[in-house]
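User: Can you walk me through some contacts and secondary structure in this one? I'd like to begin with a helix.

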Amino acid sequence: MNIQMKKIYLTLLSLLALATTACNDFLDVRPKGEKVENDQFETAKGFEDAIYGVYGSMTDKALYGMDMVWGIPEILGQNLRCDATDTHNLARYKYTDNKDLKARFSKMWSKGYETIGYANNVLQNLDKKDPAEFPLYKAYRAEMLGVRAMMHFDLLRLFAPVDRSKRGIPYVKTFNFSVKPFSTVGECLDFIIGDLTEAEGLLKDMETMAYPRDNGQYERFCRWRESHINYYAVQALLARVYWYMGNNAKAAEYAEKVINSNLFPLVDVTEVQNRIAGVLSPKETIFGLYSQQYLEWSSTYLYTWQSYVSYIAYDNSGGTNYLMPWSALYALDLAGTEQDFRKNHFRVESSLAKCLKMVDYPTIENNNVSTRPELISGISLINVSELYLIAADALLSTNYDMALKYFNDEIRSRGLSPLIAGQTLTSERIFNEYRKETFCEGLHWFNMKRLNRDILSNAESRTIPANDDIYVLPIPEEEMEYRPEANNNQ
C-alpha cells in the first residue's frame with residue numbers, strides 16, 4: 001500500500017466518528033467526535049447518522065466548501081483572481097512551481113477519496129443487512145452511490161483528460177486496505193453512469209420531493225431533500241456526465257426530465273440576486289450541502305477584502321486592461337436597453353469587484369443574524385438553470401425550436417429579452433450564457449475543458465492554446481510514488 005492510500009485509510013478509520021451524529025433535526029446536525037461503536041450500523045438511525053457525516057465531509061474547505069467550487073476552478077477559468085502566490089501560479093497554469101498549490105491539490109485529492117471511503121463504508125454495511133428490515137434501505141444506498149459517483153466525476157474532471165482512452169483515476173468501490181488501480185477515463189465514466197443509473201432506479205418510486213417544499217409531513221431523513229442526493233439530483237448529474245462525454249441525446253433526455261418535473265421553477269427576476277447567496281434556493285436548487293462553516297469561509301475569501309487572501313472578479317474600473325473582465329462578459333450578446341439582474345451579484349468598491357453570488361452577505365451585514373432562517377444555509381451545487389442551458393446546447397442541432405425555448409426561458413428569468421425572429425441561437429451564445437449563469441460556481445472551467453477551448457487569459461493578457469498540460473491537474477506525487485504501472489500508462 002502506498003503512503004497516500006495508508007494516510008487516507010487511517011484517516012477514514014479515525015475520523016468516521018466525526019462523521020456521525022445523533023440529533024433529532026437534520027438542520028441541527030453537529031459532529032460530536034464520539035468513538036464509533038460496534039453497533040453503529042445496527043439501526044436505521046446509525047445508518048442515517050453516518051450518511052449525514054458523509055455529506056458533512058463533502059463540505060470540507062478542500063472540497064465543496066471552497067476549492068472544488070470557486071476556490072480553484074474559478075481561478076482556472078479566469079473569472080476570479082487572488083494575489084496569493086499559490087493562486088497567482090494557478091491562474092498562469094504553473095501547477096508545480098509552488099508547494100502550497102501542490103499541497104492544495106493533494107488535499108483535494110485525499111479529502112475526495114476520504115469522502116468516497118465514507119460512502120463505501122455505508123454501502124458495505126448496507127450489503128450485510130436485510131433490506132426488508134430498513135424501510136429507507138433504497139434511499140440510503142442510492143444516496144451513497146450518488147455521492148460516490150459525484151465525487152469521482154469531479155476528481156476525474158480535475159485530474160484527468162477528456163479523452164476516454166487516457167489514464168483516468170482510481171474508481172474505488174470498496175472500503176479496505178487494498179490499493180486500487182487506475183482506470184481509463186472511459187472506464188471511470190462508465191462506472192459513474194453505472195452508479196447513477198442504479199441510484200436513479202432505487203429512488204424512482206420513493207422520492208418525496210414536492211413544490212412548494214413541504215418538509216413537515218416527512219420523517220427526519222426524508223426532509224430537506226435538496227440537501228440529499230435525491231432522484232432529480234441523480235438525473236441532473238447524469239445530464240452533466242453525458243454532456244461532458246459529448247452524448248448530447250442522453251444529456252438532453254436527463255436535463256428535460258428534471259425540467260419537466262416542474263419541481264424546480266426558475267426564480268423571478270426580483271429573486272435572482274440572492275437566490276443562492278449562501279443558501280439553498282427553495283426553487284432552483286436541486287442539490288446542495290448544509291454547512292455553517294461555509295458562512296465564515298465565503299465571508300473571509302469573497303466578502304471581506306484582504307490583500308493576498310481575497311478572491312475578486314477581474315475588473316477594469318481601476319484602469320487595468322483585462323481581456324474579459326466581469327462587466328465585459330455580462331455585456332456580451334446584450335441589447336442596449338436590457339438589464340441583466342445577475343450584475344447585482346457584483347459590488348465594486350475602490351476598484352475592487354467582489355462577487356457575492358455565493359455569499360450570505362445579508363446575514364453578514366445583519367451582524368451575523370440570519371435574515372432567512374427558513375432556508376438551508378450552505379452551498380448550492382446543482383441548480384436547474386444549468387440544466388436549461390445543457391438542454392439548449394444538447395438540442396441545438398437536432399431540435400432548434402426546443403433548444404431556443406429552453407434558452408429563452410432561462411435568460412428571461414434573469415431579466416433579458418428572449419431571442420426573436422432574426423436572432424439566431426448559436427453554441428457560442430450558449431457558451432457565453434453558461435459562463436454568466438454559473439459565474440462563481442466553478443462550472444465554467446469544466447465547460448471550457450469539455451470543448452477544449454483556447455483560454456482567454458485575464459492573468460496574462462493573452463490567448464493560451466488548449467492542451468492537456470493546462471486542463472489536467474497533476475495527480476499528487478505521493479499517490480504516484482509506488483505506482484510504476486500508473487506512471488507508465490499516461
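Analyst: A definition comes in first: the expected span of a helix is 1.5 Å times one less than its number of residues. Please also keep in mind that this is a predicted model.

User: OK, so what span should helix H14 have, and how far apart are its end C-alpha atoms?

Analyst: Helix H14 covers residues 384-395, and at 1.5 Å a residue its 12 residues should span 16 Å; the end C-alpha atoms are 17 Å apart, which agrees.

User: Is H14 mostly covered or mostly exposed?

Analyst: H14 is mostly covered, with 12 of its 12 residues buried. Among them are Glu386 and Asp393, along with Val384, Leu387, Tyr388 and Ile390.

User: Now aromatics. How many pairs does a search of the whole structure find?

Analyst: The search finds 28 aromatic pairs. One of them is Tyr93 with Trp445, where the ring centres are 5.9 Å apart and the planes are at 15°, so the pair is stacked.

User: Where do Tyr93 and Trp445 lie?

Analyst: Tyr93 lies in the loop between helix H5 (85-91) and helix H6 (99-127), whereas Trp445 belongs to helix H17 (residues 444-451), so the contact ties together parts that are 352 residues apart in sequence. Both Tyr93 and Trp445 are buried.

User: What about Trp326 and Phe346, what is their geometry?

Analyst: Trp326 and Phe346 also form a stacked pair, at 4.2 Å centre to centre and with 10° between the planes. This pair links distant parts of the chain, since Trp326 sits in helix H12 (residues 326-331) and Phe346 in strand E6 (residues 346-349), 20 residues apart. Trp326 is buried, as is Phe346.

User: Which residues do ring pairs link into a cluster?

Analyst: The cluster linked by ring pairs consists of Phe41, Phe47, Tyr52, Phe134, Tyr140 and Phe221.

User: Last one, which rings do Arg167 and Arg347 lie over?

Analyst: Arg167 lies over the face of Phe182, at 5.2 Å from the ring centre, and Arg347 lies over the face of Tyr361, at 5.3 Å from the ring centre.

Methods:
Residues are numbered from 1 along each chain as its sequence is written. This is a predicted model: local features need pLDDT of at least 70, side-chain atom pairs count only at pLDDT 80 or more; totals for chains, interfaces and linings use all residues. Side-chain values use heavy atoms; hydrogens and water are left out. Rings of Phe, Tyr and Trp (its six-membered ring) pair if their centres lie within 6.5 Å; planes under 30 degrees apart count as stacked, over 60 as edge-to-face and the rest as tilted. Helices (H or I, at least four residues) and strands (E, at least two) are DSSP runs, numbered from the N terminus. Buried means under 20% relative accessible area, exposed over 50%, partly exposed in between (1.4 Å probe, protein chains only). A charge sits over a ring if NZ of Lys or CZ of Arg is within 6 Å of the ring centre and within 35 degrees of the ring normal.
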